[in-house]
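Colleague: I am new to this structure. Can you walk me through how to read it?

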Protein chains: 2
Amino acid sequence: MASPKTKTRMLDAAERLFAAHGIAGTSLRAVTGEAGVNLAAVHYHFGTKDALLREVFARRVGPVNEARLARLDALEASAGGRPLAVEAIFTALLAPVIEQSRADAQQGHDWRRMVGRVYAEPVEVVEPLLRQHFAEIERRFTAALARALPDLPAGEIAARLSLVVGVLTHVLAGQHEIALRQHGEVPSDAAMIARVVGFCAAGFRAPVAAPRAGARRVQTALRRRA
Amino acid sequence: MASPKTKTRMLDAAERLFAAHGIAGTSLRAVTGEAGVNLAAVHYHFGTKDALLREVFARRVGPVNEARLARLDALEASAGGRPLAVEAIFTALLAPVIEQSRADAQQGHDWRRMVGRVYAEPVEVVEPLLRQHFAEIERRFTAALARALPDLPAGEIAARLSLVVGVLTHVLAGQHEIALRQHGEVPSDAAMIARVVGFCAAGFRAPVAAPRAGARRVQTALRRRA
DNA sequence: GTCTATAACGGGATAGAC
DNA sequence: GTCTATCCCGTTATAGAC
């Protein structure tokens, strides 16, 4: 256990380097160098760089998504068919990833930025990963939110959930913590979860916005200028 | 004007390729190839790849940020010292970038994803860009929000503004539109701005959240398991 | 200001010994 | 399962002709 297996060491190294320098910015030589293994080992264990990325991603996201669904299951079971509170739904969505990533980070496995960064990769890289891991999550949480907010149109729920994903990837990418540290704050897990949940729940409860009348004029003016 | 200058063509090509494949994933060969110019031209006009990125970024973000500040100036001038509405502040922050990027996108210049992607680049690349372009924006809009929401602690304003940045970069990166299109929706500029502004304003008005009592137990259990 | 040619190096991937 | 050695190509950057 003091010296993990070759494959694990490569996953750890790739996770760290992907987070720090991006996927394209990380060479397999850097991965094997950091893991202290030979360059050829990565091809033996994973085949290609892309397959390595898929394993790095699935190792962390898989368990987190199981925890999310288990938490939502438990909430719905104890609610006995009644709609859930929006805050409870978002806590089930956000808390597992933040708690688990923080716990792993304390052991040197900082995979939050890796996950956050994957969302910024080219679509051909991201889409297979997201389709595989998040289809069920999106389906279940959209349904729960629809029951919790019956007055919100289905399209609006999907649209706002996408904004929540934006908040979460930003937090995962570490940008939120950077901003906090610039103001001398280092929040606890619980405080950060509470803030993000409160922000997103309030955002979801906002009335459906109608475009302002003035917006069209501005847009037209811009089009003319360009 | 039918065939722009070499330098402009390279900026256009780099903008498109950075958006599609990321910074590290875009080679100077690809840029000059797409621009139809010689490989050496990029070094003549920009010197290094990093300088090219800085020019690509500044060309779009500079004017947008000027428009944001001008819009905030106009709001504050007409308010005569009284606090602004939160929605008006966020509209001044969000509308210029969405409107201007959409107008440019209709002419084939799709730089939204380029800007959104820059936020996911390694810190040593991003931080100089953000420091140069967003210090004034953050200062001015934080001050306006603090006057609009006098009961919100200063740290909370900074923290929530960082979440708004997360929403905006997600929208700019194009993820929000992808999610919408999966549900058959293609919103207008004005509708998207109204939705994002409404979401963020409601999130900002949320009561300051206190961590739930149960959160500590969960965190401790996770730490034990790991 | 734009070109060709090339330097100097790093990239992913693979073959085959051990 | 891990190693060495190597292939072949792409990378940024530069030198110097035009």
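**Reading the DNA side and the chain contact**

Modeller: This is a predicted model. Start with DNA strand D. Of its atoms within 4 Å of the protein, 52% belong to sugar or phosphate and the rest to bases.

Colleague: Where do phosphate oxygens of DNA strand D meet polar atoms of the protein?

Modeller: Take Tyr44(A): a polar side-chain atom lies 2.9 Å from a phosphate oxygen. For Leu28(B), a backbone N or O atom is 2.9 Å from a phosphate oxygen. For Lys49(B), a polar backbone atom is 3.4 Å from one.

Colleague: Now the two chains. How is the size of an interface given?

Modeller: Often as the accessible area lost when the parts come together. Here about 5,100 Å² is buried between chain B and chain A, and carbon and sulfur atoms give 62% of that. In chain B, Leu163(B), His170(B) and Phe199(B) lose the most area to chain A, together 13% of what that side buries. The contact takes 66 residues from chain B and 65 from chain A.

Colleague: How many salt bridges are there between chain B and chain A?

Modeller: Two. Glu156(B) forms a salt bridge with Arg195(A), with the closest N and O atoms 3.1 Å apart.

Key:
Residues are numbered from 1 along each chain as its sequence is written. Chains are lettered from A and ligands numbered from 1 in the order in which they are written. This is a predicted model: local features need pLDDT of at least 70, side-chain atom pairs count only at pLDDT 80 or more; totals for chains, interfaces and linings use all residues. Side-chain values use heavy atoms; hydrogens and water are left out. A residue is near a molecule or strand if one of its heavy atoms lies within 4 Å of it. A polar contact is a pair of N or O atoms within 3.5 Å; within protein, one must be able to donate a hydrogen and the other to accept it, and residues adjacent in sequence count only if both atoms are side-chain atoms. Contact means heavy atoms within 4.5 Å. Buried area is the accessible area (1.4 Å probe) that two parts lose on being put together, summed over both. A salt bridge is a side-chain nitrogen of Lys or Arg within 4 Å of a carboxyl oxygen of Asp or Glu.
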